[in-house]
Amino acid sequence: MLDHDRHIPYYIQIKAYLRELAASKEPHDSMPSEPQLAAQFGVSRGTVKQAIMDLVNEGVLYRKQGRGTFVCEPRITRSFDRLPSFTDDIRRSGKGPQTHILSFKQVSPPLNLKHLFAMGDGETLIKIKRIVSTEDSPVVVLTSFLNPHIYPRLSASDIKESLYTALKTHYGIVPVKAQDTYSIVDVSPQTAGLLKCSKDACVFFSQRIAYLENDEPAEYVESFIRSDRFKLNIFIGMKGDGDPLERDDGGNALYCNVSYRNVLL
């Protein structure tokens with residue numbers, strides 16, 4: 001089983017075997033135990049554990065104390081070759097997205113959004129809080145605020161699966177570019193309950209300002225994303241397909257494509 005003639009550490013060879021084995025199984029299927037693998041390959045349990053933990057850290061496997069090692073759900077890929085939406089990301093992963101509206105109301109804007117959307121005193125905007133799920137579990141909780149000068153009216157029943165689809169249907173215009181920021185935060189008990197994740201878990205927190213083609217801000221979004229279902233894949237100085245970026249006469253990149261891949265986490 002192990003190639004003793006090659007200068008490849010045993011744990012790397014075992015890791016490759018486990019990765020291939022995991023790929024042949026279904027999510028949450030069990031993997032062989034450390035003692036079984038140690039006996040199979042004739043190595044110490046420490047060597048086997050190193051291979052397993054590498055795959056745990058990579059999101060291929062997960063462990064439950066006293067129960068064993070299991071195969072993770074595949075992660076969703078979020079690509080920034082165009083302005084992404086979570087429903088599109090989930091659909092491209094081969095799963096069916098589902099959207100559940102938690103709240104939909106007209107509210108007075110916080111000061112930062114009043115300035116962002118150039119709103120006057122007494123104006124209100126639409127605030128939508130929703131959960132986006134795969135076929136088996138929730139993956140993100142989003143809260144969107146819409147520019148009332150672009151999207152003055154909308155109802156919860158208009159949003160079947162995707163907010164952007166509803167905006168396109170009713171107004172004929174949707175954001176085409178955005179500024180996104182991502183950070184890792186501790187999940188609150190309420191959000192953990194909505195995402196059905198551990199209360200001591202960390203999640204991705206993202207903030208987006210989405211713009212129309214004319215650079216008018218159309219939407220502000222805050223998202224809490226399960227970090228066990230998404231991963232971040234970033235291209236720097238390259239297009240998403242791996243080609244170098246086009247550059248101007250001064251050698252400056254004309255744009256930078258960032259890919260957010262998972263989330264499926």
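**Helix packing and an antiparallel sheet**

Helix H2 (residues 34-41) packs against helix H3 (residues 45-57) at an angle of about 115 degrees, and their axes lie 9 Å apart. That makes H2 roughly perpendicular to H3; angles of 65 to 115 degrees are given this label, whereas those under 35 count as roughly parallel, those over 145 as roughly antiparallel and the rest as oblique. The axes are lines fitted to C-alpha atoms, for helices over the stretch in contact, and the angles between N-to-C directions run from 0 to 180 degrees. The crossing of H2 and H3 is right-handed, a term used when the near helix is turned clockwise from the far one by less than a right angle, with anticlockwise giving a left-handed crossing. On the H2 side the contact is made by Glu 34, Pro 35, Leu 37 and Ala 38, and on the H3 side by Arg 45, Val 48, Lys 49 and Ile 52. These residues divide into 5 nonpolar, no polar and 3 charged. Here Ala, Val, Leu, Ile, Met, Phe, Trp, Tyr, Cys and Pro count as nonpolar, Asp, Glu, Lys and Arg as charged, and the others, Gly among them, as polar. Contact means heavy atoms within 4.5 Å.

The structure is a predicted model, in which local features need pLDDT of at least 70 and side-chain atom pairs count only at pLDDT 80 or more, while totals for chains, interfaces and linings use all residues. Residues are numbered from 1 along each chain as its sequence is written, and side-chain values use heavy atoms, with hydrogens and water left out. Helices (H or I, at least four residues) and strands (E, at least two) are DSSP runs numbered from the N terminus.

Next comes the sheet. An open sheet is formed by 6 strands in the order S3-S4-S5-S8-S7-S6, with antiparallel pairing; two strands pair if DSSP finds at least two bridges between them. S3 and strand S6 (177-186) stand at the edges with a single partner strand each, so one side of each has no neighbour in the sheet. From one strand to the next, the twist averages 15 degrees.

Strand S4 (residues 125-133) can be followed in some detail. Its pairing with strand S3 (residues 98-107) is antiparallel over 9 bridges, with Lys 105 opposite Lys 127 and His 100 opposite Ile 131. Towards strand S5 (residues 138-146), 8 bridges join the antiparallel strands, and Lys 129 stands opposite Thr 143. A hairpin of 4 residues links S4 to S5. Because 7 of its 9 residues are buried, S4 is largely enclosed by the rest of the structure. Buried means under 20% relative accessible area, exposed over 50%, and partly exposed in between (1.4 Å probe, protein chains only). Helix H6 (residues 163-171) lies across S4, S5, S7 and strand S8 (217-226), running at about 35 degrees to S5.

Val 203, in strand S7 (residues 202-211), is buried, with a relative accessible area of 1%. Leaving aside residues up to four places away in sequence, the contacts of Val 203 include Ile 184, Leu 195 and Phe 224.

Most residues other than glycine have a negative phi. Ala 118, in the loop between helix H5 (111-116) and S4, has a positive phi near 50 degrees and is exposed at 57%. Lys 196, in the loop between helix H7 (189-195) and S7, has a positive phi near 55 degrees and is exposed at 66%.
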